[in-house]
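Student: Could we go through this model together, one type of contact at a time? I would like the cut-offs spelled out as we go.

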Amino acid sequence: MIDFKGTHFPKDVILFAIFFYLRYQVSYRDLEEIMEERGVDVDHGTLNRWVVKFAPLLATQAQSRKKPTAESWRMDETYIKVKGKWTYYYRAVDNTGKTLDFMLSERRNKAAARRFFKRAIGTNGVPDRVVIDKSGANLAGLESVNVILKFMGSGNTIKILQVKYLNNIIEQDHRFVKRITGPMLGFKAFHSAEATLAGIETAHMIRKGQLHANSLTAFQQFAALAA
């Protein structure tokens with residue numbers, strides 16, 4: 001259960017504000033006005049603190065509760081502006097488009113790619129195959145993961161495919177994230193970018209039906225992650 005003590009607002013109000021920001025194309029000042037229209041007087045700075053504090057916690061719950069994913073992966077990275085500079089946002093989905101994992105990195109190199117693959121495997125298990133782009137860094141990172149798998153004697157190594165058209169599914173999936181981050185005009189700090197992106201991915205997973213809904217609305221599914 002996520003602890004909301006000391007926030008001075010009801011939990012449902014906080015969760016509604018966070019969900020609305022992560023799911024729709026609004027700025028914090030827009031959200032401040034929306035909340036005011038609903039009788040909640042809260043400034044945009046507080047809304048930002050709510051997202052940065054609670055979105056990663058909700059994302060962790062979503063990862064632990066999501067439905068099983070396929071063993072054929074699609075991995076790619078896109079760009080997110082932080083403090084006026086472009087950073088690299090690694091993402092992976094399975095061959096049906098279900099979200100696997102995501103990671104923001106200040107660098108795009110073998111070490112970052114290896115770190116991402118190890119993280120994704122830790123969350124989802126070892127895939128049968130991974131489709132990547134022509135990036136040498138991504139290839140090197142994945143090959144180094146295979147070396148680790150061989151050393152561990154697990155008997156499982158990952159088939160690596162570099163076929164551009166097979167990655168169309170994740171390139172299309174990037175659009176949802178970019179559509180939400182567009183009005184934000186970049187992030188002022190790396191940690192707030194990580195937190196916000198984790199929340200956006202959670203809202204996107206709900207949109208794609210990756211959680212056990214039990215006839216709940218999208219917001220109800222989101223709120224249930226805090227229970």
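Student: How many salt bridges does the structure hold?
Tutor: The structure holds 7 salt bridges, where a salt bridge is a side-chain nitrogen of Lys or Arg within 4 Å of a carboxyl oxygen of Asp or Glu. Please keep in mind that this is a predicted model, in which local features need pLDDT of at least 70 and side-chain atom pairs count only at pLDDT 80 or more, while totals for chains, interfaces and linings use all residues. Residues are numbered from 1 along each chain as its sequence is written, and side-chain values use heavy atoms, with hydrogens and water left out.

Student: OK, what does D173 pair with?
Tutor: The side chain of D173 meets that of K208 in a salt bridge, at 3.3 Å from N to O. This pair links distant parts of the chain, since D173 lies in helix α6 (residues 168-181) and K208 in the loop between α7 (190-207) and α8 (218-224), 35 residues apart. Helices here are DSSP runs of H or I with at least four residues, strands are runs of E with at least two, and both are numbered from the N terminus.

Student: And is D173 buried or exposed?
Tutor: D173 counts as buried because its relative accessibility is 10%, and K208 is also buried, at 16%. The cut-offs, for a 1.4 Å probe and protein chains only, are under 20% relative accessible area for buried, over 50% for exposed, and partly exposed in between.

Student: Which residues are linked with D173 in a network of salt bridges?
Tutor: The network links R91, D173, E201 and K208.

Student: What about K164, which residue is its salt-bridge partner?
Tutor: K164 forms a salt bridge with E171, with the closest N and O atoms 3.8 Å apart. K164 counts as exposed because its relative accessibility is 60%, whereas E171 is partly exposed, with a relative accessible area of 29%.

Student: Switching to rings, how many aromatic pairs are there?
Tutor: The count comes to 12 aromatic pairs; rings of Phe, Tyr and Trp (its six-membered ring) pair if their centres lie within 6.5 Å, and planes under 30 degrees apart count as stacked, over 60 as edge-to-face and the rest as tilted. One of them is the pair of F4 and F54, which is stacked, at 4.4 Å centre to centre and with 20° between the planes. It joins distant parts of the chain, with F4 in the segment before α1 (11-23) and F54 in helix α3 (residues 44-65), 50 residues apart. Both F4 and F54 are buried.

Student: How do F9 and W50 pair?
Tutor: F9 and W50 form an edge-to-face pair, 5.2 Å centre to centre and with 75° between the planes. This pair, too, links distant parts of the chain, as F9 is in the segment before α1 and W50 in helix α3, 41 residues apart. With a relative accessible area of 25%, F9 is partly exposed, while W50, at 5%, counts as buried.

Student: Which residues form an aromatic cluster?
Tutor: One aromatic cluster is formed by F16, F19, F20, Y24, F219 and F222. The ring of Y24 also has the charged end of R23 over it, 5.2 Å from the ring centre, the rule being that NZ of Lys or CZ of Arg is within 6 Å of the ring centre and within 35 degrees of the ring normal. R119 likewise lies over the face of F102, at 5.8 Å from the ring centre.

Student: On to the strands, why is β2 described as largely enclosed?
Tutor: Strand β2 (residues 85-94) is largely enclosed by the rest of the structure because 7 of its 10 residues are buried.

Student: In what sense does β2 pair with β1?
Tutor: Strand β1 (residues 72-82) and β2 pair in the antiparallel sense over 10 bridges, where two strands pair if DSSP finds at least two bridges between them. In this pairing M75 stands opposite A92 in β2. The two strands form a hairpin with 2 residues between them, and K83 in the turn has a positive phi of about 55°.

Student: And β3?
Tutor: Strand β3 (residues 99-105) and β2 pair in the antiparallel sense over 6 bridges, and Y90 stands opposite M103 in β3. Their hairpin has 4 residues between the strands, with G97 taking a positive phi near 95°.
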